[in-house]
Amino acid sequence: MSTDKIFRRVVPAISAAAFIAIAAASTAATAQEAQEQYFGIPSSRVGPYSAMGTGYYGGIIDYLNYVNMKGGVNGVKLTYDECETEYNAARTVECYQRLLNKGDQKMVVFDTLGTPGAYAVIGRMAQDHVVLAQYGYGRTDAADGRVWPWVFNAAGHYWGQIAVKMNFIAQKEGGVDKMKGKTVVHLHIDTAYGREPLPAMRQIAKEWDFKLIEIAIPPPGLEQQSQWLQIRREKADWVTFWGAGSGMNSTAITTAARVGFPREKMIYVTFGGAEEDMIPAGDAAKGTFVAANAAPGRDYPLIADILKVVYGAGKGNMQNPDRVGTVYYNRGVGAAAMWIEALKNAQRIHNKVGKTVNGDEFRDGYEALDITDDKLKEIGILGMSAPFKMSCAKHDGSERFKMMQWDGKKFQILTDWVAAPDPAFIRKLIEESAAKYAAENNITPRTCS
Amino acid sequence: MPDFWFFLEVLVGGLLSGTMYALVALGFVLIYKASSVFNFAQGAMVFFAVLSFVGFMELGLPFWAALPVTVGLMILVGMGTERFVLRPLVNQSEDTLLMATIGLAFVIEGVAQLFWGVDVRRLDLGIRDEPINWVMDKTGMLVSQLDVTAALVAGLMVAALALLFSHTKVGRGLRAVADDHAAALSIGIPLKHIWMLVWATAGVVALVAGMLWGARSGVQFALVWVALKALPVLIIGGFTSVPGVILAGLIVGASEKIGEVFIGPYFGGGIEGWAPYMLAVLFLLIRPEGLFGEKIIRRV
Amino acid sequence: MLYREAGQFRTSYAQDSQIFPLRQDRIGIAILLIAAVMLPFVANSYWLSAILIPWLVLSLVALGQNILMGYAGQLSLGSAGFMAVGAFACYNLILRIDGIPFVVAVALSGVCAALVGIVFGLPSLRIRGLYLAVATLASQFFIVWALDKFGWFKNYDPAGVITAQPIVMFGHNFATPREKYWVVLAIVAVLALLAKNMARGSVGRGWMAVRDMDVAAEVMGFSLLRTKLQAFAISSFYCGVGGALFAFAYLQTVEPSAFGIDLSFRILFMVIIGGLGTIMGSFLGAGFILLMPIFLNIFFHTVFGKAVDATITSALEQVIFGVMIIMFLIFEPLGLARLWQLTKERLRLWPFKH
């Protein structure tokens, strides 16, 4: 038979088979033990954000396997399914829907690693009873738990982050009063994510009397000549960098080197400053400051144990084990640790120790997160994540960050957990924004006692 | 610094960036000139080429050994593309071929990530991406060494290829094939060899472009998108002109940077993304085939 | 045996100009429509929200692209940009005009997209072929930039996204996936019928004349200006309506970068693989492009499971997707619609071979 004929017969046959396969896969009731808690993981392992995705989700999966190897959560083993989103909003929605149900269990938590995905699914959480566990990204005003009962952000959000950074700058300059007359440039990717911190920044600029210049980089940002020449012309004192994707992040450093702007006056955002962003820039990256909500390092007891137990048994998820302990990996481990603590809380609160929980119960468990230093020590991540406590109205984490500096080979952690100088001001901004959203969408905020 | 010098600095920076765009566009022009195919996979080829180069070096090959190995690999990729993608589609419409190259782009991107992984890597060419000191001292302008080197390399490649096309037997064969396959075949020009040669050359050009861009911005997936920067260059210069590519690159680079720095702030910035395309559209309205492109004569 | 036109005589002009002249075709379409309407009662919510609704919406956009590329022969890479115009227009209309019925808002947003399409279609009068394709990229980048940059479009939302309002018509809130599906089905069915009619009428013939040889068409008396701009306008209308439905019935929260160039490419694939210049092709192509990555994803996860690193399977999915596209173009350049046509022709002769 000619290839033509083969094609003409085979394609419809395969299409029919595919159709049936998908139908089967989506409606199949997988024989599942009632003792396994299911997690749906929307990973992004290919495309421009793959370095980030493989690290973060690798960390999550390693932790889930680790917990399983240690006996599960009160005997309940954890199981997960992955779905590739390519960091694309529409694919994230599709993955969300595909991962939602497994057999007769529904997934209880969803983590999109990024703002576009978070926004795409955020409206479905209340309907589907799934927790959106943002971890250092996403919708900032979800910190108001009265308007967003199903959305959390256990690591700091962007408004807190920029306040901490401005404080750091002020410290370096010798005090808030020394900020008068200085010029700070907010160099950002020309999207909503890049403009996130601006409302808070503008307010701070007004209060501290320094000049704030906003310069946008159109994606993909492989070329930042014009932006940096402008920065040089404005004689900026500091640059807060808010980029996305390693191309943009490392190009900023190399271009800064090219125009002679000192890297010691650049502060990167948590999503722009990881090893994957510094390494391609080579020596030029030395001295760059980065804020961190999860500190990198391999000597935290949990990370070291994961290496020993999970990688020792050959079950590690990272293709390159050297990436264990990097910024994104630890961030993933931190995120997963919060899931498991929430799970433990849920089991405890609803008298389901040793059994699986559903979305509502998990939500209660996440809201009851009270991560103290002792608890962090117990998990093995004291110093890697900051302590915090959630509540009905307060759905954000500690809002504390560590400042670190790249020394050419790794990040040196400079400070302990630094809080924003005026948390009340930020909380006010958040509540205003959440109230506006509630009004526009006819949501009655719940009352928290 | 006084405004004039700043303007000059932005201009020079823009011109130099433009040559980098031209280098990427050169790959497109080569293939289009010889086989009338718009190779959308050029961006993916740039990425794959430099990723393989860095990958080979990581596997232990020294710089000067990895280079010919990667060139060999790109030649294979080019030949494979010609044999498996283009030859079966030889008489199809322009749109079909365009789509096939987009599909090819997916394949190459996937294969690149499959073989070499998704880690971001750096490439050190030994030329520092820092200002040239004597220019700095004399005029206060910042001109990067890497940029100047890239511009020289781009210029050399364009000159070499232009000479190849106009003065050598192979070049004449290429032009004949582009004009009319059947006629070229009938006078004995080996079609398949010519096409393989063209694709191989395009692969080499992709490698050079990839190395320079990779040295500047790191070797990572985002390199695939430099192709999008090269498209306005192609339009303005004409799809079939090798010298046109350099001139168009200079125009695009300069206008883009000057536009962003001096006009951009009025719009809140970020116009670099679409300004070159708008410029290209305006150019096309005056000269629909680009500055040096071949005039399309349609018969009724 | 069953699918024959023997015995069906057309005795009036009305009968002669039917869209579906064969009785079997009419019955088939009727059954299909009834099945489509009844589907939500059997399908689960995953199928409705994640597969059927996006399939219908993207088919509509592919239809628009097909009108422009397939019928009128203008190569365009800006369909996602017009989708964005439609989505944001619909959001703003519902936001700023109280009580506007959803269908009216959708129609008006289609008109907005059409107007934008006319503006960006003007270069087509001078530029053709690949140059036009790259020129349409200008519209794609500019539109997304403008929607992102000027906060008015997003009602100054601090996060830069718009949250689609609920679909309210005749006082009823179409909130469940089932109801959304029916709304989308109704709109898509009506517009698809209109498109089929247009395609075989004088409008469509004008487009095809311009596509095949525009100089000759002009000589014959077709105004190239009107025909080409009309094609752009109608195509953008469809893309705009599709974009509005994409935002309101599928994604719910939308930011401008969701309508990027990769979406434009996907639509282009749908049209080419489905079949250029056919209405059926838009639906088939949309189904293929939508389902293929899902199928590959499920296939790899079931077959390899946790045995193979997920990064490798994701990369393999991309490779296979590209290979499938190339294979389709090599073996059936006229697309899935042609395969369907061949099947119909075999059916006509069935049970005989020839």
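**Domains of chain A**

I started with the spacing of the two domains: the centres of domain 1 of chain A and domain 2 of chain A, taken over C-alpha atoms, are 29 Å apart. The model is a predicted one, in which local features need pLDDT of at least 70 and side-chain atom pairs count only at pLDDT 80 or more, while totals for chains, interfaces and linings use all residues. For my own bookkeeping, residues are numbered from 1 along each chain as its sequence is written, chains are lettered from A and ligands numbered from 1 in the order in which they are written, and side-chain values use heavy atoms, with hydrogens and water left out.

I noted the bounds, 36-156 + 296-392 for domain 1 and 159-292 for domain 2 of chain A; such bounds come from an automatic or database domain assignment. In the contact (heavy atoms within 4.5 Å) I find 16 residues from domain 1 of chain A and 11 residues from domain 2 of chain A.

Next I looked up the area. The size of an interface is often given as the accessible area lost when the parts come together. Between domain 1 and domain 2 of chain A the buried area is about 1,200 Å², with 56% of it from carbon and sulfur atoms; buried area here is the accessible area (1.4 Å probe) that two parts lose on being put together, summed over both. On the domain 1 side, Thr140(A), Tyr328(A) and Arg331(A) lose the most area to domain 2 of chain A, together 35% of what that side buries.

Which residue forms a salt bridge with Glu276(A)? I have Arg323(A), with the closest N and O atoms 3.1 Å apart. A salt bridge means a side-chain nitrogen of Lys or Arg within 4 Å of a carboxyl oxygen of Asp or Glu. The count between domain 1 and domain 2 of chain A is 1 salt bridge.

I also get 5 residue pairs in polar contact across this domain interface, both residues at pLDDT 80 or more. The rule asks for a pair of N or O atoms within 3.5 Å; within protein, one must be able to donate a hydrogen and the other to accept it, and residues adjacent in sequence count only if both atoms are side-chain atoms.

**Chain A against chain C**

I moved on to the chains: 46 residues of chain A are in contact with 47 residues of chain C. They bury about 4,300 Å² between them, and carbon and sulfur atoms give 57% of that. I count 2 salt bridges between chain A and chain C. I looked at Lys149(C), which forms a salt bridge with Asp190(A), the closest N and O atoms being 3.1 Å apart.

**Two single residues**

Buried or exposed: what is Thr85(A)? At 3% relative accessibility, Thr85(A) counts as buried; the cut-offs are under 20% relative accessible area for buried, over 50% for exposed, and partly exposed in between (1.4 Å probe, protein chains only). I place Thr85(A) in the loop between E2 and H3 of chain A. Helices (H or I, at least four residues) and strands (E, at least two) are DSSP runs, numbered from the N terminus. Leaving aside neighbours within four places in sequence, Thr85(A) is in contact with residues including Pro42(A), Arg91(A) and Cys95(A).

Last, Glu58(B), which I find in helix H2 (residues 42-58) of chain B. Glu58(B) counts as exposed because its relative accessibility is 52%. Its side chain has a polar contact of 3.1 Å with that of Arg121(B). Glu58(B) and Arg121(B) are 63 residues apart along the chain, and I noted 9.8 Å between their C-alpha atoms.
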